[in-house]
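Here is a briefing on a protein and DNA model. Look at the structure first, then read the points by topic.

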Protein chains: 2
Amino acid sequence: MARAATTTDAFNAVAEPRRRQILDLLAAGERPVNDLVELLGLAQPQVSKHLRVLREVDLVHVRDEGRQRMYRLNAEPLKPIHDWLAKYEQSWNKRFDLMDDVLDELKEAEERDGSDD
Amino acid sequence: MARAATTTDAFNAVAEPRRRQILDLLAAGERPVNDLVELLGLAQPQVSKHLRVLREVDLVHVRDEGRQRMYRLNAEPLKPIHDWLAKYEQSWNKRFDLMDDVLDELKEAEERDGSDD
DNA sequence: TTGACGTATTCCCTTATAGGTATATGATTG
DNA sequence: CAATCATATACCTATAAGGGAATACGTCAA
């Protein structure tokens with residue numbers, strides 16, 4: 001099997017840095033494709049392709065405005081990622097794992113020193 | 001160019017559901033590979049391969065314990081993901097985008113109604 | 001209608017995934 | 001030392017990514 005499609009969920013869609021950039025830009029407000037093309041310095045087709053992925057996981061909404069297509073952020077699909085991360089948050093904030101690290105080093109030292117019976 | 005390697009960063013490593021499961025299991029404490037194999041119901045080589053990816057992005061630490069290898073969670077590399085998400089948090093919590101949605105619908109209705117002038 | 005503009009899609013290519021299966025490596029026991 | 005356990009790696013296959021380039025499509029202006 002190959003890797004899961006980028007359009008499987010927000011986790012996969014957002015793993016690509018360019019797509020995160022796009023979302024970051026859209027966070028400031030609605031924008032037509034060409035704006036993004038300029039801001040990102042990418043070729044237009046690549047931007048359209050990234051936008052397609054973001055659309056498929058519902059991270060952006062589109063609206064037709066004349067010959068332009070206005071893209072707008074829809075952050076809701078990011079919530080599952082945030083929710084999943086919640087349980088790990090203490091690990092880096094409160095240095096909860098400091099204790100684990102110490103225990104680890106103790107065990108390793110123990111093995112090194114007292115290894116010969 | 002192909003997709004970025006899964007070992008590029010935590011974003012990519014964590015896009016795979018199995019690897020998130022592994023981290024979830026390790027969140028409860030250190031475990032040898034075979035424990036994970038049983039708990040996940042996966043073949044041992046696949047588990048080892050997932051663990052390798054997690055190791056390469058430093059999401060797990062290993063410790064030799066006799067013929068077993070004890071894996072432990074290291075959540076720190078998840079922080080960048082959390083940090084990136086921070087700016088979107090309000091979007092789903094406080095329904096900040098409700099306003100945007102309303103504006104959107106107004107615009108669309110406007111277009112529908114006043115289009116034939 | 002013709003042409004220019006804004007955007008999406010298609011095709012080609014290189015690369016790497018994830019799973020399956022077999023096997024290699026390292027540590028322990030007898 | 002041989003056998004076994006715990007884990008890692010190698011090899012194979014199918015699949016699809018993302019970039020580049022060309023082109024198709026829809027809209028508006030003259």
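Helices (H or I, at least four residues) and strands (E, at least two) are DSSP runs, numbered from the N terminus. This is a predicted model: local features need pLDDT of at least 70, side-chain atom pairs count only at pLDDT 80 or more, and totals for chains, interfaces and linings use all residues. Residues are numbered from 1 along each chain as its sequence is written, while chains are lettered from A and ligands numbered from 1 in the order in which they are written.

**DNA strand D**

- Residues supplied by α4 of chain A and by α3 (33-40), α4 and β3 of chain B, at least two from each, form part of the surface near DNA strand D.
- A residue is near a strand if its C-beta atom, placed from the backbone, lies within 6 Å of it.
- α4(B) gives the most to this surface, with six residues.
- There are 26 residues around DNA strand D, and A:Ala2, B:Pro32, B:Asn34, B:Pro45 and B:Ser48 come nearest.
- Their classes are 11 nonpolar, seven polar and eight charged.
- Ala, Val, Leu, Ile, Met, Phe, Trp, Tyr, Cys and Pro count as nonpolar, Asp, Glu, Lys and Arg as charged, and the others, Gly among them, as polar.

**DNA strand C**

- Around DNA strand C there are 27 residues, of which A:Ala2, A:Pro32, A:Asn34, A:Pro45 and B:Ala2 come nearest.
- Two or more residues each come from α3 (33-40), α4 and β3 of chain A, and from α4 of chain B.
- α4(A) provides the largest share of the surface near DNA strand C, six residues.
- This surface has 11 nonpolar, eight polar and eight charged residues.

**Two helices of chain A**

- The axes of α2(A) and α4(A) come within 10 Å and cross at roughly 75°.
- Axes are lines fitted to C-alpha atoms, for helices over the stretch in contact, and angles run from 0 to 180 degrees between N-to-C directions.
- α2(A) and α4(A) are therefore roughly perpendicular to each other (65 to 115 degrees; under 35 is roughly parallel, over 145 roughly antiparallel, and the rest oblique).
- A:Arg18, A:Arg19 and A:Ile22 of α2(A) meet A:His50, A:Leu51, A:Val53 and A:Leu54 of α4(A).
- Residues are in contact if their C-beta atoms, placed from the backbone, lie within 7 Å.
- By class, this contact has four nonpolar, one polar and two charged residues.

**Chain A meets chain B**

- Chain B gives 28 residues to the contact, and chain A gives 28 residues.
- On the side of chain B that touches chain A, α5(B) has the largest share, five residues.

Note on methods: Contact = placed C-beta atoms within 7 Å.
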